[in-house]
Amino acid sequence: MTTATSLTARLRARRARRFALRDEIAARDDGDFESIVRDLISREFPWGNTQALSFALFRTYAVPSIGDLLCDTRQFTEHTQKRYDDTVLLLDAPIEHGVSSTMGRTGIRRVNEMHGMYDISNDDMLYVLSTFVVCPVDWINSYEWRNLTDREVTALTDYYRLLGKRMGIKGIPEDYAGFEKLMEEYEIGHFTYSPKAREVADSTLDLLGTFAPFHLLPRAAVRRISFALMDDRLRVAFRYPRPTRVEQVVVRGGLKARGLAIALLFPPRHEPMFGRQTPQVRGYPNGYEIEKLGTFKPGCPVPHI
């Protein structure tokens with residue numbers, strides 16, 4: 001075997017290992033969407049999914065009925081780390097253990113109890129749910145080491161449709177295209193500036209600056225990086241400054257370069273990493289109980305779905 005042939009064989013073997021889980025998922029039954037989502041989130045794209053859901057929640061602040069309510073509770077401005085931790089952990093439970101598991105049901109019940117303390121419209125709940133469907137697909141396809149397949153997009157959609165039903169949300173779209181349309185139309189009709197919502201957004205960006213590797217950068221630099229990742233509709237709603245073209249190219253190009261490096265140089269992840277295991281969750285070094293997460297009267301509202 002020639003050197004060139006040997007190199008080609010090694011590259012093919014590396015690619016086969018890198019894409020093995022994708023191929024395995026493609027062979028699963030359509031009804032097995034919970035296990036597909038579990039593997040996507042904990043093995044294929046744990047970092048990307050975390051970033052995507054963080055931005056999904058961030059988007060919801062630009063709807064004043066959501067952002068203002070969050071500001072009024074003071075939870076996302078005075079206890080930002082705890083609110084972040086509780087959100088991650090409550091979303092984590094049904095993914096890791098299953099929606100119908102004891103842990104999953106407890107997490108969803110806790111979320112529903114929090115929402116029940118407020119007069120939150122079904123339309124707002126439906127919009128937040130749509131961000132959880134659309135934002136991860138957009139982020140992964142833009143910045144991760146491979147795109148999602150149609151089977152995987154359908155699995156993510158079906159998972160959040162089930163979660164939405166368990167939360168009592170009405171009028172849930174039947175497919176991914178329906179969620180895209182709903183999210184687009186709701187943002188066009190509802191995104192507008194609110195000083196209270198801006199306060200919540202600023203607090204969230206301040207928290208981002210404490211996460212590695214951003215904690216090594218000046219606060220102003222972290223904010224400029226964040227602005228470079230925002231679309232114009234979101235940025236304008238918060239009245240944030242427009243990033244330069246260079247900033248956008250550098251920040252977005254850096255994320256794409258990370259994805260390419262993973263595809264070419266890194267082995268696949270075999271052990272799952274759930275949200276509770278990420279370094280950003282810092283408030284429960286001695287463990288936690290699902291039923292005690294979140295807030296109790298006067299608690300924390302909408303974006304914790």
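## Buried cysteines

A residue counts as buried when its relative accessible area is under 20%. In this predicted model, cysteine 135 has a relative accessibility of 9%, so cysteine 135 is buried. Cysteine 71 is buried too, with a relative accessible area of 3%.

What about links between cysteines? A disulfide is a covalent bond that joins the sulfur atoms of two cysteines. Searching the whole structure turns up 0 disulfides.

## The largest pocket

Now let's look for empty space. Rolling a probe the size of a water molecule over the atoms shows where such space is left. The largest pocket has a volume of about 850 Å³. Its lining is made up of 44 residues. If you want to find the centre of this pocket in the structure, look for Thr50, Gln51, Ser54, Phe55 and Leu208, the lining residues that lie nearest to it.

Which helix gives the most to the lining of the largest pocket? That is α4, with 10 residues. Helix α4 spans residues 46-60. Other helices that each supply at least two lining residues include α7 (80-97), α12 (195-208) and α15 (245-265). Sorted by class, the lining has 29 nonpolar residues, 12 polar ones and 3 charged ones.

## A closer look at threonine 106

Threonine 106 sits in helix α8, which covers residues 102-115. Is threonine 106 buried or exposed? Its relative accessibility is 13%, and the cut-off for buried is under 20%, so threonine 106 is buried.

Leaving aside residues up to four places away in sequence, threonine 106 touches Ile290 and Glu291.

Note on methods: Residues are numbered from 1 along each chain as its sequence is written. This is a predicted model: local features need pLDDT of at least 70, side-chain atom pairs count only at pLDDT 80 or more; totals for chains, interfaces and linings use all residues. Side-chain values use heavy atoms; hydrogens and water are left out. A disulfide is a pair of cysteine sulfur atoms within 2.5 Å. Buried means under 20% relative accessible area, exposed over 50%, partly exposed in between (1.4 Å probe, protein chains only). On a 1 Å grid over the protein atoms alone, a cavity is a set of points where a 1.4 Å probe fits but cannot get out, and a pocket is an open set with protein on both sides within 12 Å along at least five of seven lines; lining residues have an atom within 4 Å of a point. Grid points are joined across faces, edges and corners, and a volume is the space filled by probe spheres set on the points. Helices (H or I, at least four residues) and strands (E, at least two) are DSSP runs, numbered from the N terminus. Ala, Val, Leu, Ile, Met, Phe, Trp, Tyr, Cys and Pro count as nonpolar, Asp, Glu, Lys and Arg as charged, and the others, Gly among them, as polar. Contact means heavy atoms within 4.5 Å.
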